[in-house]
Amino acid sequence: MQELKKEVQAEIAGKKGSIYTLQFDDLKVWLQEEGEPSFRADQIFYWLYDKRVEQFDEMTNLSKSLREKLSSTFSITPLKEVAKQESVDGTVKLLFELEDGNTIETVVMKHGYGNSVCVTSQVGCRLGCTFCASTLGGLKRNLEAGEITAQVLASQRALDEKGERVSSVVVMGIGEPFDNYKELIGFLKVINHDKGLNIGARHITVSTSGVVPKIYDFADEKLQINFAVSLHAPTTEIRSRLMPVNRAWPLDKLMESIKYYQETTNRRVTFEYGLFGGVNDQVEHAKQLAELIKGLKCHVNLIPVNYVPERDYVRTKREDIFAFEKTLKEAGVNVTIRREQGHDIDAACGQLRANEGKKK
Ligand code: SAH
């Protein structure tokens, strides 16, 4: 008989982990150990991900004893909604409390093609990007895979009321996903699994600030998941000023890892490039950027800085944003200016959480 993976064993022994953390195959192994037939895994996944029940007792085709075993071993949803903001453009920002009292946020964005959910991967962040609100209180802890999955389910439950579906997921909320790599991969596998949420890999995007060793690992996973890198600077000097992570893994090493990713997966890469007034937003920077990414199959997303009160960056003037875009286009770069959503709510990453924290 296959053994339960050590981490699953530890989780079960230590505390009631979220059942959403379990892969389909892990659940089968657990059932086997409990003397249950493996088709129960299909039934349980159906209740969790199709019916989206929040109580084991609602899983009516399971025996009472199995339901009891499940609820004494696992929790279902580890999230409690504590605040909700809705923007006029349809963006919904949810603040959740975790079982240990920490809070995280999830954003549901409405696009022409459907609803995209932006999930948090860590409670806080330790990377210290100088423009970002998520990192203000440092890193509290990693999220379990199930705590990330639960955000997608909570968003889907909110959409169920309107008869809509989560059509894509972006891991671009609070935290650095590649600083919580194992749980990230577990999460991706569950939401992608055909018996899980069945969200197609091409509808999932992971963004990293540039944790280089994990870019190699991610390439080797050979997933069809979209990959984005927060580049934000065309030179290593400017990047180090904006992002301390660049001191650990400088720009040339980052670019090497991205080339490896592309050679291994043959997939296009997205570069996020925040425009910070007077720092990285001039035509000369656009030219350097075009040179830096030459030869890569890629797309550049320009993000005019979101104002964060604790950070003193200023927005780039409209005409400078367009000049930047034009310079890239003329150099043959695929580029778009990110459409802003939720401007009337705490839109920037980590802002709702930071502001709720201040109120307390
Ligand atoms: N840690 C990962 C995932 C977060 S994605 C990463 O860095 O990629 C969130 C994106 O928003 C990142 O590109 C981040 O750099 C960017 N961002 C954070 N704060 C911002 C701000 N104030 N203005 C514009 N972009 C910001």
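Modeller: A polar contact is a pair of N or O atoms within 3.5 Å; within protein, one atom must be able to donate a hydrogen and the other to accept it, and residues adjacent in sequence count only if both atoms are side-chain atoms. The model is predicted, so local features need pLDDT of at least 70 and side-chain atom pairs count only at pLDDT 80 or more, while totals for chains, interfaces and linings use all residues. Residues are numbered from 1 along each chain as its sequence is written, and side-chain values use heavy atoms, with hydrogens and water left out.

Under that definition, a ligand nitrogen atom lies 3.0 Å from a polar backbone atom of Phe131. A nitrogen atom of the ligand is also 3.1 Å from an N or O atom in the side chain of Glu176. On its own the ligand has 540 Å² of accessible area, of which the protein covers 94% (Shrake-Rupley method, 1.4 Å probe).

The ligand is surrounded by 17 residues, each with a heavy atom within 4 Å of it. Gly175, Ser207, Ser230, His232 and Asn306 are the closest. By class, this shell holds 7 nonpolar, 8 polar and 2 charged residues. Here Ala, Val, Leu, Ile, Met, Phe, Trp, Tyr, Cys and Pro count as nonpolar, Asp, Glu, Lys and Arg as charged, and the others, Gly among them, as polar.
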